[in-house]
Every structure is written in C-alpha cells, then in structure tokens.
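Biologist: Before we discuss any assignment, please show the model, and then let us examine the grounds for each term in turn.

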Amino acid sequence: MSSIKFILAIWKTNLQAAMEYRASFLTQTIGMMLNNTMYFIIWVVFFDRFKDVRGWGLSDMYVTFGVSASAFGLVALFFGNAFNLGDIITKGRLDYYLSLPRPVLMHALASRSVSSGMGDFLYGILSFIASGIFTWDAMLRFSLATLSGAVVFASFLIIVQSLAFWIGNSSNLSGLATNAMITFAIYPITIFDNSAKIILFTIIPAALMGAVPASFARAFTWQTLAQLLLGASLLLIIAVNIFHTGLKLYESGSAIQTEI
Amino acid sequence: MTAISVSNLQKTFQTKRKAAGLGGSVRALFQPEYATVEAVRGLSFEMEQGELLGFIGPNGAGKSTTIKILTGILHPNGGQASVLGFTPWKERQKLAFQIGTVFGQRPQLWYHLPAIDTFTLFGKIYELDDAFTKKRIAFLTEAFEIGDLLETPVRKLSLGQRMRCEVAASLLHKPKLLLLDEPSIGLDVVAKQHIRDAIRTMSAEEGVGVLLTSHDASDLEALCHRVIIVNHGQIVYQDKVSNLKRKFLTRKLVEVRYAEEVAKNFALEGMETLKTGRYGVKLTFDTRQTPADAVLSRLSSAGTLVDITISDPPLEEVIAMIYEQAREEK
C-alpha cells in the first residue's frame, strides 16, 4: 500500500514539474502526435499500393502501431528515466535514489516524465480507434495489451541500459537497441521468417511489444494472453535481476550535478 | 551508545588507463589497461550517538567514498561497518529511514519545483503522516529561516539558500544521524555560517549525530567536537578538536597597537616579526620556547600598548602540518 502511495506521489510531483512548463508540455504532446501521423502516412501510401503483405493489411498496421505507440508513451510518461538509466549509472546519479528508503530501480525510473510520451499514448489510442475494429471489449483488450507491451519495453530498456554497470558508457549501444526494438515492433510480423521471429521473441523482444499485443487486441485467445503475460513477467524478472546484479558494481562518481 | 562502528573498511576502484592522444585511445581499445585505486585502506573508527564528528581531508582522501559506504550507496571490498545497528550495504532501505544525507555536489531537491513540493514528496517517501509532515515543515522552516524560500522554484535560489533547504529536507523525517558530504562546498562565509548555526541548533535540540566530511577546516572548527583526518584512504589523526589545537597550536599570532610610532626594525627576543605598520606590529612566537607572560612583558616594555590580540593560526595550517608529518613518516 505504501509503495502505491509512494509511486503516486512521484507521478504527482512529475506532473507538477511538467505544469511548470505548460507550453512545453502541450507543444511536445501535439508535436509527437503530428510526428507519428507523418510517419504513419508512409504505411497508408504503402498499403494503398500493395493492399496486404502476407495477410497483413492497413487495419493490422493501425492496431500494431497503436499498441506500440501507446506502450512507448506509457513508459515515457510514467517511467521516463528508463531511457537514460545508463547515463544515470555512469554519472553516479543513482546516489540520490540509493540514499532514500525506497526500491532504487522503481524510484529512479518513475522520477522523470517525458512530456512527449503523452502524444505517443494518445496517438496510439486514436490509431486503434482508426483501425475499424473498435468495440468496448476490444478497447479493454487493447488496454491490457498496451500495459503488457509497456512492461516488455520498459524491461528491455532496463536490461540494455543496465549494461552501463559493466561497460561504462553504453548510450550508443542502448540507443541502437532501443531503435531496433521500436522499428521491429511496428513492422508487419508476417514479413519475417522463423529464425528472425526467434530473435524478435528473445534478443530483441519486439514481437512482445507489437505483434503479439496487437493480435490480442484484435481477438481474444488464451494462447496470446499467455504469451503476453508470460513474456512480460519473464522479461521483467530478468531485467530487475540484471539491474540488481549490476548495482553491486556501481561505482558512484564525483561529477558535480546541478539538477535532478 | 555507538552510532557508527567501522572496522578495517576497504574500497578499491578499477580505473582504465590510456596514453594521451588518438594512438593511446586506439591502443586502449584493443589492449585496455586498468589500474587499481585504493580509495579506502583499512579504515577503523567509532562514532557515538549525538556526536558531531568531522571527517576531514584533501580531495581524493576517501572521505566521500567512506560516507557513501556508510549510507549503503557503495559496497566495500572488505571490512565491516555498522550504522545504527544496520550493515549499510545489506540493509540500505531500513537504514535510510533512520539517517539523513546531504551531498553538497548532488542536489536532492527537485530543480524545477519549489522546495515545499520536494518536502511533501519526502513526507511520502519516508512514510510520514501528513499532519506530522506539515508540523515538521513548519518547525524546520523556522530553524533554517527558509520561510521566504519554500515557495520559490529551486532553480531560482542562490546556492546558499538551496543548501539550507537541502539540509532542512534531510531532517524532515527526524533522523538519528545526519551524514553531510561537503555541505559547505562553494558557499560564501555568510551562507556557511547560516548552515552551521542551523546544524548546531538541530544537534542540540534533537540530539541528532552529525558526521561531516569537508576539505574546509573552518567547518570542523565551527561544528565538531572530534576530528578524523584522512589522507590517501587512511586515518592520519583522530582526536578531540580541543586536543588537536593543544597539540599542534603551539605557535601564537600576536597583533599589537602602540600609542606612539613603531620603529622600522622592530624586533624582540623570542619572537618573529611578520609585519610592521606605523603604529602596529604583527608577530609570532612558539609557546614551547617563549612563555606568553615573557612575550607580554617584552611587548609592554617596547612602548605604550593601546590594543593587543593573541590568536591561534588557522586550522588549515595545522592540518597541512599533520599531512606533512604523515608523509614524512612514510
């Protein structure tokens, strides 16, 4: 119970900080929605020309893009430090979280909110509505799929960014891995052969952020539900363990820091 | 009752070494070389509950590393430590409820928000009752004279104002022990004085123990009962501040003013003249060689005394002497 109160208090403080720069918050939200729209137009043009790719049509793209964008947006909004955890580690900024009596990983991740995440989150919902499969049942499934996709994406970021405990500055590597994850999550899964699919379920678990949640949002099956829940739980457990193993190697630092 | 007990504490860091220039960078890419830096080397000491202990040393002496081990931020490579009965690196969260920490170089207040918002957030982090948090904020506001600052975004506060809010925030949950790492770094004399006064008041009123690291000897002089001087990760001296002064402050500074003009080549036996003015003179003498009463009678025989001040040299000089001795003993 106290953990929920704590996390709510952090999010409330993040919101207060965002409100200090209201214009920036609004422009980032709207800007990100426009950015996503511009990107998606390419797929609209593509599917207008080819109609479907091995059974994958524009409606599937709307759902996949929707679930991925909303999952991305949730992570950015509520666990914004997942994107720069490696930097926090290498610059010794975990000191702050370690000196307070709360779980260090959760505290660190939740202590930043990326305003543009709101744009991604809202765009994802609009994209899902535009897919043409909207019903309230489907919306419920979309919500669960988005939450599961967000857990997968956050876990992947934690794993990649935690490499900083071992290799020091990992920002380039984690940037590449994050881009790969997002790119593959919004590609039609049907274009990949079986060996590529193995990679998309393991090393870069993009399928668990895009294709599988999208499939669940379209139609309920016990198999996809099991894939979602097991995949997300397993990745989260691995991520938390890798972070805590690395934490024992944490070296802090003496860089002068002027803001949180 | 012992608040901190440290025995044979050790911490080493691996640092990558490379020769200068692009060639060195390329070589380091294929054949990386590492050097082991011993930041803390077999440190042992104890601190009593409610004590004000100064942990002093030059940059790189191992002060911050020690305080980070004692707060559970870093894992040591060897040795034992107990802080309020907890092993910091094993029971970090339990310990954090009992201690307050301030890292002078790392702010804990949210930069874009007024300090009051961080205080409220800390109330939730430390699981404090809302009524208690409000009461405590009111108390700390008075103790640290931060009433006018609480509602201003932290980014708009001066460094001194911010540090007062930082220390106040670290005391919100009524900790038994306060660990301050360079709290006065970068502050001017007035801001330092404000912080020191507030810490002294809190220590006296609430019995909170203070472990303070600093490379500024005046912090130590103003706040601490006892001092530990470290250099290269080892203790080179530990004793009461009063004993430190007695043992090492054998040289006194004397400033005298006479009613009549002072001779240009003013000199008295057993004293060294540092500076001569028209009516005044600044001298120094060693109490082991020349007793103070002899100095006074010689000074009064030299003219009509208007004013006289006898003081100790700055503590910085004493500490520099201790470092020098430690280096020679090596």
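Modeller: Domain bounds here come from an automatic or database domain assignment. The model itself is predicted. For chain B the assignment gives domain 1 as 2–12 + 41–246 and domain 2 as 250–311. The C-alpha centres of domain 1 and domain 2 of chain B are 42 Å apart.

Biologist: Which residues are in contact with B:Met1, leaving aside its neighbours within four places in sequence?

Modeller: With those neighbours set aside, B:Met1 is in contact with B:Glu48 and B:Gln49. For a contact, the C-beta atoms, placed from the backbone, must lie within 7 Å. From C-alpha to C-alpha, B:Met1 and B:Glu48 are 5.7 Å apart, although 47 residues apart in sequence.

Biologist: What makes chain A as compact as a globular protein of that length?

Modeller: Chain A has 13 helices and two strands. The globule rule gives 18 Å for 260 residues, and the radius of gyration of chain A is 19 Å, close to that value, so chain A is as compact as a globular protein of that length. The C-alpha trace of chain A spans about 55 × 45 × 35 Å along its principal axes. Buried residues account for 47% of the 260 residues in chain A.

Biologist: Where is confidence lowest and highest in chain A?

Modeller: The pLDDT, which runs from 0 to 100, is the predictor's confidence in each residue. Its mean over chain A is 91, and 97% of the residues of chain A reach 70 or more. The lowest confidence in chain A is in strand β1 (residues 52–53), at a mean of 82, and the highest is in helix α8 (residues 136–162), at 97.

Biologist: Why do β5 and β9 of chain B stand at the edges?

Modeller: The six strands of this open sheet follow the order β5-β6-β7-β3-β8-β9 in chain B, with mixed pairing. β5 (99–103) and β9 (234–240) of chain B each have a single partner strand, so one side of each lacks a neighbour in the sheet. Direction ignored, neighbouring strands of this sheet are turned by 15 degrees against each other on average. Helix α9 (residues 241–248) of chain B packs on the sheet and touches β8 and β9 of chain B, its direction making about 100 degrees with that of β9(B).

Biologist: How do you know that β3 and β8 of chain B pair?

Modeller: Two strands pair if DSSP finds at least two bridges between them. Strand β3 (residues 52–56) and strand β8 (residues 226–231) of chain B have four bridges in the parallel sense, and they pair. Within this pairing, B:Phe55 is opposite B:Ile228 in β8(B).

Conventions
Residues numbered from 1 in each chain as written. Chains lettered and ligands numbered in written order. Predicted model: local features only at pLDDT ≥ 70, side-chain atom pairs only at ≥ 80, totals over all residues. Axes fitted to C-alpha atoms, helices over the stretch in contact; angles between N-to-C directions. Contact = placed C-beta atoms within 7 Å. Rg over C-alpha atoms; globule rule 2.2 N^0.38 Å. Buried ≥ 20, exposed ≤ 12 C-beta atoms within 10 Å, placed from the backbone.
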